[in-house]
Amino acid sequence: MSSTHVDLSKRHSETPCFSAEKLAEAQKLMSLYPEGKHKSALIRILHMAEEEFGGWLSIETMDYVAGIVNIEPIEVYEVASFYTMFNLDPVGNYVFEVCRTGPCMLVGSDNIISYIENKLDIKVGETTKDGMFTLKTAECLGACGYAPMLQCGKKYHEHLTNEKVDELIAAYRSGELPK
Amino acid sequence: MARKLLLEHDSVPGIETFEVYRKHGGYRSVEKALKKMSPQEVVEEVQKSGLRGRGGAGFPTGMKWSFLAKPEGVPRYLLCNADESEPGTFKDRYLMEKLPHLLIEGMIVSSYALGANLSYIYIRGEYMWILDILEKAIDEAYAKGFLGKNILGSGFDLDLRVAPGGGAYICGEETALIESLEGKRGNPRMKPPFPAVKGLWGCPTVVNNVETLMAVVPIINEGGDEYAKIGVGKSTGTKLISAGGNLARPGVYELEMGLSVEEFIYGDDWCRGIANGKKLKACVPGGSSVPILPAHLVTKTAAGEDRLMTYESLADGGFATGSMLGSGGFIVFDEDQCIVRNTWNFARFYAHESCGQCSPCREGTGWMEKVLNRLEHGQGNLRDIDLLEEINKKIEGNTICPLGDAAAWPVAAAIRHFREEFEWHVSHREESQTRNYGLLKESLVG
């Protein structure tokens, strides 16, 4: 589906492994559910794994998570492939997800998407050559009153204009803004 | 018309902390309910209040609660639906960001009423930063003895947890939400059995929207009868409206049910009219799933009466000339917006979000998206308009969950009211690529 200029898939040449601290966090998440119902923590652990292992879920990562949650790998694949937040292909350091749904479109999200495409010289779904940015579109992110907007990591950037996009890209490039 | 029950203190600095929230009267309803009321009395107050589900369906909350099965020795669960994903809706996000303790308070009282000792807030994954806010507030509530064992010495125990989704509109549907909370794909379940009988992990479960659970707090504080005095008829209390699109002042508003739509769009205290001094073309008053209304049916009903912000008034005229209050996602279109483009945009949304379980929805939403795409891009013909209506009828009512209806209604309504604009896209293929149709002739006349 998405294409990249550089082969980022090499990132996972090593088997992913949580730090002791992250592993304990995963265990704690599973304990938030009654005994035997710890599979409920799967989605949250996948979010954690994605954050830890390069912003996407490789087969190796999903298999690793299956081991932690003690379920079959297929149970992880079917969940990871259902929810749109999970990237099943490598992505750049920063993923811009621009909301494209009705209310955002009414106030210019199409223009913002084209502006970012031109500015970063990539199309929606692609990653910049330096591996810095991936551009995606998203369906309604619940920011309709503050549109147009994009999400990057946990952060919502709202009331976007071309100038704000310029500032945002510069800030991420310079490392001023956290992931 | 500006009485606030939920947003009374939203602008107080630090209101997201326990201390400040408590100082402004927070957690009084927990003290009242747990110390002075039986669970059944809490349910009765909610029934008296006339509160209706604020997520979109508008089902009476007290009645929903009364359906909960109570087999001996089986746990019951209360789930808060914070999966807010209906395009045009962003009120729950605002409520949780500003007032996490109000949600916790509402959930304690509601869990007590339902006899649930373990409750979850299921929040859409994109709202991960709000999950942090909620967990921080929950930790505070535990530390202050409002969560955990033997709350306020009442003997009532409650654990409250937050679970994120992974990005799927369908998980706002309650059985899909339950599936997702069980760590699975969000495929809706067949009903019956309803969640009230077999929900989370096969146990009796109630799923309520964020705003609904928050509204329980003023209902218990002031009494159900007092709450029911606000509003008009069966639309009691206040409603949070997410106002977006081409408005001069978009944002989240709390209004007493019964405010006129005219006042809400144009009033100085509210949205202050259409942005940039333009004219109103259309409005989707309750989230993307509800029928779009052309300008002449937005502020007045077909009978010429003032349209009000209530469940009944917005639905006046049925689908022929009315719409729905839905989730309160109020989307306004100015004169320069293209209805065909917007209909295509919404159809693309539903095609993207269909879970794929039922063929009519999986295939139908994709078809509608493709047909609308070609109409919008100057490649359609007149038969396409009829084809859309035909596909619509094949989806509506033929799916496990309401996503099929939600996908079909906006397309049907757009064609019903804006057929001339769709036809113009066919008769003026090239022109339609360079300019928009503008206002409907009917709206121009009056």
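What follows is a chat about a predicted model with chains A and B.

Me: Before we start, what are the ground rules for numbering and confidence here?
Reply: Residues count from 1 along each chain as its sequence is written, and chains are lettered from A, ligands numbered from 1, in the order in which they are written. As this is a predicted model, local features need pLDDT of at least 70 and side-chain atom pairs pLDDT 80 or more, while totals for chains, interfaces and linings use all residues.

Me: Great. How many helices and strands are there in chain B?
Reply: Chain B has 18 helices and 11 strands.

Me: What share of chain B is buried?
Reply: Buried residues make up 57% of its 446 residues. Buried means 20 or more other C-beta atoms within 10 Å of the residue's own, exposed means 12 or fewer, and partly exposed is in between, with C-beta atoms placed from the backbone.

Me: Switching to strands: which ones pair with S2 of chain B?
Reply: S2(B) pairs with strand S1 (residues 77-82) of chain B in the parallel sense over 6 bridges, and with strand S3 (residues 159-164) of chain B, also parallel, over 6 bridges. Pairing requires that DSSP finds at least two bridges between the strands. B:Ala82 has B:Ile123 as its bridge partner in S2(B), while B:Ser119 is partnered by B:Leu160 in S3(B).

Me: Is S2(B) enclosed or exposed?
Reply: Largely enclosed by the rest of the structure, because 5 of the 6 residues of S2(B) (residues 118-123) are buried.

Me: What about the sheet in chain A, what's the strand order?
Reply: It is an open sheet of 4 strands, S2-S1-S3-S4, with mixed pairing. Strands S2 (133-138) and S4 (155-157) of chain A are the edges, each pairing on one side only. Further in, S1 (residues 94-99) and S3 (residues 150-152) of chain A run antiparallel and are joined by 2 bridges, and A:Glu97 stands opposite A:Gln151 in S3(A).

Me: Nice. Which residues have the most contacts inside the largest nonpolar core?
Reply: A:Leu46, A:Cys99, B:Leu79, B:Leu103, B:Val109 and B:Tyr122, in a core of 190 residues. Helix H17 (residues 403-427) of chain B gives the most to this core, with 12 residues. A nonpolar core is a set of buried Ala, Val, Leu, Ile, Met, Phe, Trp, Tyr and Cys residues joined through C-beta atoms within 7 Å.

Me: Last one: how many residues are in contact between the chains?
Reply: 33 residues of chain A are in contact with 45 residues of chain B. Contact means that C-beta atoms, placed from the backbone, lie within 7 Å. On the chain A side, the elements giving two or more residues are helices H2 (42-52), H4 (73-80) and H5 (102-106), and H2(A) provides the largest share, 5 residues.

Technical notes
Two residues are in contact if their C-beta atoms, placed from the backbone, lie within 7 Å.
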